Amino acid sequence: MEAELLTQQEDLARQRVDVASIFAEHHVGLVRLALFMVGDQATAEDVVQEAFERTHAGRARLRDADKALAYVRSAVLNGCRSVLRRRATVFRRAVPYEPPVWSAESAVLMGEERREVLLALRRLPRRQREALTLRYYFDLTDQEIAETMRISASTARSTIARGLAALGRALGEDS
């Protein structure tokens with residue numbers, strides 16, 4: 001009887017995961033995250049769409065509705081990693097991938113300083129780049145970053161600290 005009650009409670013919790021509302025609230029931000037990671041709009045949208053598609057298909061397996069957003073963020077990051085791995089394989093001997101320049105207006109508006117920061121950020125190791133993006137672009141807490149990247153909160157903090165130090169060195173700032 002008790003096992004049957006737990007199963008019913010788990011079923012109710014799984015039904016509460018509303019992928020459509022997560023999509024409506026967080027789609028734009030997740031596309032921005034993917035765009036920052038992969039460098040082009042179409043691929044970013046594809047990565048986010050696939051992440052939501054897989055989340056929707058497997059929503060019955062999600063046990064905690066509160067962690068559904070972290071799950072989708074992780075899926076987006078994993079999708080970006082896969083895209084970048086495929087690109088690295090294809091372009092191993094070619095010229096390194098440079099993200100396309102967005103519109104002429106945005107290229108002009110984006111100051112030289114910001115471009116330097118973005119280029120320096122792109123040169124950081126993947127994990128540091130992801131942690132810094134999640135912290136300073138999405139304003140996530142250490143715990144949210146840890147859940148998204150599937151690492152501990154202390155590892156997230158140290159990764160951010162190392163990333164900031166490396167970014168400061170790359171930009172020639174004295175600490």
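Which residue forms a salt bridge with Asp40? The partner is Arg87, and the closest N and O atoms of the pair sit 2.5 Å apart. The two ends come from distant parts of the chain: Asp40 belongs to the loop between helix H2 (19-38) and H3, while Arg87 belongs to helix H4 (residues 68-90), 47 residues apart. Both Asp40 and Arg87 are buried. Keep in mind that this is a predicted model, so every value here is computed from it.

**Overall build**

- Take the contacts with a separation of 6 or more: 69% of them are between residues 24 or more positions apart.
- The accessible surface comes to about 11400 Å², and carbon and sulfur atoms account for 53% of that.

**Salt bridges**

- As a bit of background, side chains of opposite charge can pair when their charged atoms come close.
- The structure holds five salt bridges, and the Asp40 to Arg87 pair is one of them.
- Glu130 and Arg81 also meet through their side chains, at 2.6 Å from N to O. This pair again links distant parts of the chain, with Glu130 in helix H7 and Arg81 in helix H4, 49 residues apart.
- Glu130 and Arg81 are both buried.
- Asp142 pairs with Arg157, and here the closest N and O atoms are 3.6 Å apart. Asp142 is in helix H8 and Arg157 in helix H9, 15 residues apart, and the pair counts as a link between distant parts of the chain.
- Arg157 is partly exposed, because its relative accessible area is 44% and that class runs between 20% and 50%.
- Some of the salt bridges share partners, and these join Arg81, Arg126 and Glu130 into one network.

**A charged patch on the surface**

- Which residues gather in a patch of negative charge on the surface? They are Glu45, Asp46, Glu50 and Glu53.
- Glu45 lies in helix H3, which covers residues 41-57.
- With a relative accessible area of 36%, Glu45 is partly exposed.

**Two loop residues with positive phi**

- Asp139 has a phi near 55°, a positive value in a residue other than glycine. You'll find Asp139 in the loop between helix H7 (126-136) and helix H8 (142-149).
- Is Asp139 buried or exposed? Asp139 is exposed, because its relative accessible area is 64% and the class starts over 50%.
- Arg150 is not a glycine either, yet its phi is positive at about 60°. Arg150 sits in the loop between H8 and H9.
- At 55% relative accessibility, Arg150 counts as exposed.

- Arg162 is found in helix H9, which spans residues 153-170.
- The C-alpha atoms of Arg162 and Gln128 are separated by 7.3 Å, although the two residues are 34 apart along the chain.
- Arg162 is partly exposed, with a relative accessible area of 43%.

Notes:
Residues numbered from 1 in each chain as written. Predicted model: local features only at pLDDT ≥ 70, side-chain atom pairs only at ≥ 80, totals over all residues. Heavy atoms only, no water. Patch = residues over 30% accessible without salt bridge, like charges linked within 9 Å, V, L, I, M, F, W, Y side chains within 5 Å. Areas by Shrake-Rupley, 256 points an atom, 1.4 Å probe, with all protein chains shown as cover. Salt bridge = Lys/Arg side-chain N within 4 Å of Asp/Glu carboxyl O. Lys, Arg positive; Asp, Glu negative; His and termini not counted. Charge placed at Lys NZ, Arg CZ, Asp CG, Glu CD. Helix = DSSP H or I, 4+ residues; strand = E, 2+ residues; numbered from the N terminus. Buried < 20%, exposed > 50% of the residue type's maximum accessible area, 1.4 Å probe, protein only. Contact = heavy atoms within 4.5 Å.
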